[in-house]
Amino acid sequence: MAYNKARAEKEWLRWKEVEEKKLRELGVDEETIQRLHTYDWAEFNRERRYLQRQVEWSPYVDLVSAQDLELPVEDVESLMDSIEDMELLRILSKEDKLTSLQEYVDRMPESQEKIYYVCADSVEHAAKMPQAERVLKAGYEVLYLTVDEDEIVLQMLENAGGKPFVSVADENALPVTEEEKANVEQAEKDHKDVLDFAQETLKDQVAKVRLSKILQSGSVCLTAEGPVSLEMEKYFRKMRRDFPMQAQKVLEINPDSSAFQALCNAFQAGDKEKAAAYVEILYNQALIIADFPLPDPARYAELVCGLMQ
């Protein structure tokens with residue numbers, strides 16, 4: 001049987017409908033969505049022409065096409081339900097084993113109101129992410145998402161068993177006491193000049209530099225504000241290099257860390273060159289933890305080696 005052009009196009013349109021619905025929910029403007037649509041349509045047609053050429057000589061493709069399988073999903077909502085109900089979405093938990101969303105929900109204590117997840121490039125790195133420490137110490141299970149697309153799928157699902165998905169990097173992932181809030185707010189007031197200096201040093205590389213409410217033993221991490229997450233930026237950077245979608249990056253620094261104390265000491269001593277070097281090092285370390293490429297690896301190596309003098 002020849003390549004079924006109409007069926008392939010129908011499947012592509014269903015996939016695109018799901019993606020564009022989510023982009024609109026995230027606040028992406030229609031012009032951007034249309035540009036992505038045009039780009040993806042051109043890519044789809046290139047792939048389709050290739051497949052059409054293949055059926056001229058490949059009996060395997062003929063055999064698969066001859067099955068004429070029908071999609072079991074009729075609309076976007078059914079697609080989302082099928083991913084959860086059929087347990088097709090399998091992701092890694094802190095127990096270092098594959099689990100389904102339903103199995104995770106079944107294990108949740110009654111007091112747990114959210115499903116926690118952390119994104120990393122591997123299970124080993126996910127377990128060591130500084131953002132996850134406070135949630136793990138609270139005794140909650142954390143899902144490890146090791147593929148860029150995983151977070152996008154969870155955001156499409158929105159919840160499982162009525163429990164919303166929440167990143168461990170979310171400030172509101174765990175309850176924060178009024179005393180804890182007041183302490184961080186006071187620290188930010190006390191160190192406003194240092195934070196402003198750090199922001200000025202990094203310029204447009206980050207949207208904000210702030211003292212972290214989520215870090216415990218870790219010194220620094222990278223988070224994002226707004227609808228585009230760090231993982232979304234990675235995904236679109238990988239899929240569409242000529243049209244990257246940028247996250248509003250936030251450099252979070254632990255106010256109780258020795259690294260922040262060293263930065264404050266250098267700034268207060270008037271050594272702006274050393275203070276700027278510390279800011280650059282902290283930012284590059286946050287990029288490494290978040291699995292982002294360094295803007296200038298040679299510069300980072302030079303700064304770190306400079307500390308060894």
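**Exercise 1.** In this predicted model, find where Lys 234 and Glu 231 lie and how many residues apart they are.

*Solution.* Lys 234 and Glu 231 both belong to helix H11 (residues 230-239). The two positions are 3 residues apart, about one turn of the helix. Next, check the side chains: those of Lys 234 and Glu 231 form a salt bridge, at 3.2 Å from N to O. Finally, check accessibility: both Lys 234 and Glu 231 are buried.

**Exercise 2.** Determine which parts of the chain the pair Glu 141 and Arg 107 links, and classify each residue as buried, partly exposed or exposed.

*Solution.* Start with the contact: the side chains of Glu 141 and Arg 107 meet in a salt bridge of 2.6 Å, N to O. This pair links distant parts of the chain, 34 residues apart. Glu 141 sits in the loop between helix H7 (133-137) and strand S4 (142-145), while Arg 107 is in helix H5 (residues 101-107). Glu 141 has a relative accessible area of 10%; buried means under 20%, so Glu 141 is buried. Arg 107, at 32%, is partly exposed.

**Exercise 3.** Describe how strand S6 (residues 163-167) pairs with S3 and with S5.

*Solution.* Then take S5 (residues 159-160), which runs antiparallel to S6 and is joined to S6 by 2 bridges. Ala 160 is partnered by Lys 163 in S6. S5 and S6 form a hairpin with 2 residues between them. In the turn, Gly 161 has a positive phi of about 60 degrees.

Note on methods:
Residues are numbered from 1 along each chain as its sequence is written. This is a predicted model: local features need pLDDT of at least 70, side-chain atom pairs count only at pLDDT 80 or more; totals for chains, interfaces and linings use all residues. Side-chain values use heavy atoms; hydrogens and water are left out. Two strands pair if DSSP finds at least two bridges between them. Helices (H or I, at least four residues) and strands (E, at least two) are DSSP runs, numbered from the N terminus. A salt bridge is a side-chain nitrogen of Lys or Arg within 4 Å of a carboxyl oxygen of Asp or Glu. Buried means under 20% relative accessible area, exposed over 50%, partly exposed in between (1.4 Å probe, protein chains only).
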